[in-house]
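Have a look at the model first, then take the tasks one at a time.

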Amino acid sequence: MIKRTIAQPPEKLTGIEEVEVPHSAVGFKAIKSALTYIKDEVGIVKGIGLLAKLNQKDGFDCPGCAWPDPDEKRSFLAEYCENGAKAVAEEATKNRVSPMFFALHSVNELGQLSDYELGKKGRLTHPMYLREGGTHYEEISWEDAFELIGKTLNGLDSPDEAIFYTSGRTSNEAAYLYQLFVRQFGTNNLPDCSNMCHESSGSALSETVGIGKGSVTLDDFKHADLVIVMGQNPGTNHPRMLTALGETKHNGGKIISVNPLPEVGLKNFIEPQNPLKWLGSGTDLSDLFLQVKINGDVALLKAIVLLLLQKEKANPGTVFDQEFIAKQTQGYDAFITDLEKYKIPELIAQTGLTHKEVVEAAEMIADNKKIIVCWAMGLTQHKNGVDNIREVVNLLLLKGSIGKPGAGTCPVRGHSNVQGDRTMGIWEKMPEEFLDNLDAYFDFKSPRKHGYDVVKAIDAMHKKESRFFLGMGGNFNSATPDTEFTAQALRNCDLTVHISTKINRSHLVHGKEALILPCLGRTEIDYQASGEQFVTTENSMGVIAKSVGNLEPLSEFLKSETAIVAGMAKATVKNSKVDWDAMAGNYDLIRNAVEATIPGFDQYNERVRIPGGFYLPNNARENDFSSTHTGKANFTINELSDIVLEKEQYLMMTIRTHDQYNTTIYGLNDRYRGILNERRVVFMNQQDIDEAGLKKDDLVDLISHFEGQERLAEKFIVIPYSIPRNCTATYFPETNVLVPLQSKARISNQPTSKTVVITVRKRE
């Protein structure tokens with residue numbers, strides 16, 4: 001059995017408090033929570049000044065989620081959410097992690113702290129080095145740090161022995177320069193956080209509609225007849241999305257939410273931008289809530305489509321958009337032939353829903369033509385995650401609900417520039433056209449061999465086939481699956497390097513040598529040789545906009561991400577024709593290179609200076625599917641979940657609390673689920689609790705089962721909750737140790753953090 005080691009701190013129970021789940025999300029309580037956090041971390045005066053610039057056209061982009069800002073008028077009061085305010089406070093905190101801090105605290109001592117405790121220590125101020133066999137990080141100069149990186153990289157037997165990871169916080173400019181450095185070094189080993197969250201979306205959408213991005217804009221929510229929200233909790237993960245859903249309701253549209261857990265944010269929300277509504281009853285959102293079993297989504301969609309097909313056969317042309325299907329799609333007949341192999345009662349049995357609920361959903365879909373489907377990791381992190389998304393596309397194609405106002409695909413990205421990173425070339429298998437353009441502009445030959453994604457990168461490090469790891473942002477060890485396996489993989493490296501704003505778990509799970517390189521945050525002014533710079537990001541709907549910090553850097557020893565990349569490149573790629581200093585000194589030069597090598601960025605520097613930025617081209621939005629392998633939008637045949645649970649087994653999905661963003665833990669509360677002061681909980685159905693001989697607040701261990709292997713996570717508190725039978729939910733990263741690395745989605749290779757087979761064992 002695989003057990004926790006130093007990769008995670010000792011399990012701590014902090015004293016749980018259970019309270020009533022609130023009726024509404026956001027509203028005055030969210031504002032109060034945000035301001036309290038700002039006051040504690042930054043100070044109220046400085047904090048209010050920061051929030052006034054957050055997501056404004058003359059300000060900086062939120063370092064949190066990628067939900068878009070309104071194209072035109074933006075709220076002067078609050079164009080941000082509670083967790084966005086917390087993200088800014090974390091970055092602008094008055095707390096500091098200096099060389100003295102590291103001198104006083106050994107790596108082993110820091111490793112005993114929780115991720116929450118580590119995060120509260122504050123911002124990094126100096127580059128730090130851990131020598132081989134050392135117990136404490138020591139201060140190092142930037143020049144020596146770059147020299148060590150260059151020496152280590154050039155000492156590898158092959159460039160493919162190096163891994164270059166990217167988080168979704170990195171700006172377009174830094175990401176572009178980063179991938180250029182990596183490819184000039186000679187590898188495509190560019191895994192990123194998208195490999196773990198929306199790789200299934202990209203794979204499915206590229207195949208079916210020819211672009212790995214969503215097709216809708218924010219304005220489409222005002223025109224939608226129906227919005228279906230699947231596998232997503234916007235009230236915590238993208239709270240500003242609730243305003244868009246409110247617009248749908250205000251304009252007469254309806255909302256179906258599909259999720260194993262009832263989420264407050266999809267029931268009712270109180271608009272925070274309007275003080276007159278703070279004391280009101282809020283806006284009811286979901287017209288229908290379908291509490292589907294974990295990974296019952298393909299079965300649900302097939303059952304709905306079979307019901308729609310019955311209606312279409314009874315009255316041809318009234319339910320399906322036959323003109324759109326004939327003109328714009330391929331594979332309809334094969335899709336229908338396969339669909340008719342299934343029986344509606346058998347499909348519904350896999351969903352955990354009633355026949356009446358599924359019929360009601362089918363009726364709502366049949367009666368509407370402008371349909372948006374939104375989803376997040378509740379659909380993507382499964383073995384059949386690609387099938388989930390392709391089945392969503394099947395439904396939209398049947399209705400002709402793509403490429404028109406108020407209709408289309410809407411994968412909701414989880415990090416502020418994860419989509420922009422991919423556009424800039426952060427991918428292990430970029431298309432030939434991108435690489436050809438790169439080679440022509442910079443006069444070199446980039447590698448063509450596909451690189452490692454996250455799963456393959458971890459496996460390669462574990463096998464000692466890769467000996468160098470560089471993380472551009474993020475908290476790799478806490479974000480990835482199979483925590484102990486990943487920790488050992490990192491320890492097998494000769495050198496691990498992390499470009500970070502704050503100390504995190506990955507700095508303490510290190511190679512033989514380790515570097516921490518502190519970078520500027522989004523909130524800070526970026527001074528370079530040619531003057532103050534701005535960066536750009538791409539939101540969930542393909543808008544490129546600028547971001548300008550307004551705080552003085554907290555330390556003179558911080559560098560921008562672009563300057564760090566340039567420094568590493570100069571120390572490593574000796575025969576490069578790229579003027580790294582010039583590009584790091586003037587980001588306009590990077591944007592000129594982007595314009596010359598990536599379609600859609602014409603007049604990049606001019607257009608991005610227009611307040612609000614510009615949209616990138618989107619073929620699916622324009623009903624142009626010529627980039628698919630058939631030249632049309634493709635119907636697909638998809639597989640149901642094949643997981644069969646044995647007696648006393650459950651499916652576990654990992655989720656976030658309301659007090660966290662990805663691996664950043666802001667606090668210990670999950671007030672929208674009524675859990676305070678504790679993270680080590682397991683949500684279970686009351687009938688399952690009774691059958692297992694357990695009771696509320698029992699202390700249990702969780703054991704995952706995969707291909708004969710068992711993994712253990714200790715000390716979790718049983719919480720009765722509204723969740724389907726044989727399903728459980730836990731918080732990550734505490735239960736990432738239970739997610740097997742080799743349990744992954746077909747096609748996309750994405751880890752399956754939402755379908756982990758576990759048993760629950762009561763502690764003696």
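**Exercise 1: a helix and its cap**

Which residue caps the N-terminal end of H22? Then work out how well H22 is covered.

*Solution.* Before starting, note that this is a predicted model, in which local features need pLDDT of at least 70, side-chain atom pairs count only at pLDDT 80 or more, and totals for chains, interfaces and linings use all residues. Residues are numbered from 1 along each chain as its sequence is written, and side-chain values use heavy atoms, with hydrogens and water left out.

Step 1. Find the element: H22 spans residues 454-462. Helices (H or I, at least four residues) and strands (E, at least two) are DSSP runs, numbered from the N terminus.

Step 2. Look at the start. The cap is Asp 453, with a side-chain oxygen 3.3 Å from the backbone nitrogen of Val 455.

Step 3. Check the cover. Of the 9 residues in H22, 7 are buried (buried means under 20% relative accessible area, exposed over 50%, partly exposed in between, with a 1.4 Å probe and protein chains only). Among them are Val 454, Ile 458 and Met 461.

Step 4. Find the neighbours. The buried residues of H22 pack against several elements, including strand S7 (162-166) and helix H24 (483-491).

Step 5. Look just past the end of H22: Lys 464 has a positive phi of about 65 degrees.

**Exercise 2: a serine in a strand**

Is Ser 547 buried or exposed?

*Solution.* Step 1. Ser 547 belongs to strand S22 (residues 543-547).

Step 1. Its relative accessibility is 4%, so Ser 547 is buried.

Step 2. A polar atom of the Ser 547 side chain lies 2.8 Å from the backbone nitrogen of Asp 61.

Step 3. Leaving out residues up to four places away in sequence, Ser 547 also touches others, including Gly 59, Arg 522 and Phe 534.

**Exercise 3: rings in pairs**

How many aromatic pairs does a search of the whole structure find?

*Solution.* Step 1. The search finds 20. Rings of Phe, Tyr and Trp (its six-membered ring) pair if their centres lie within 6.5 Å; planes under 30 degrees apart count as stacked, over 60 as edge-to-face and the rest as tilted.

Step 1. Take Phe 101 and Phe 102: their ring centres are 5.6 Å apart and their planes at 85 degrees, so this pair is edge-to-face. Both Phe 101 and Phe 102 are buried.

Step 2. Look for a cluster: Phe 164, Tyr 178, Phe 181, Phe 185 and Phe 468 form one.

Conventions
Contact means heavy atoms within 4.5 Å. A polar contact is a pair of N or O atoms within 3.5 Å; within protein, one must be able to donate a hydrogen and the other to accept it, and residues adjacent in sequence count only if both atoms are side-chain atoms.
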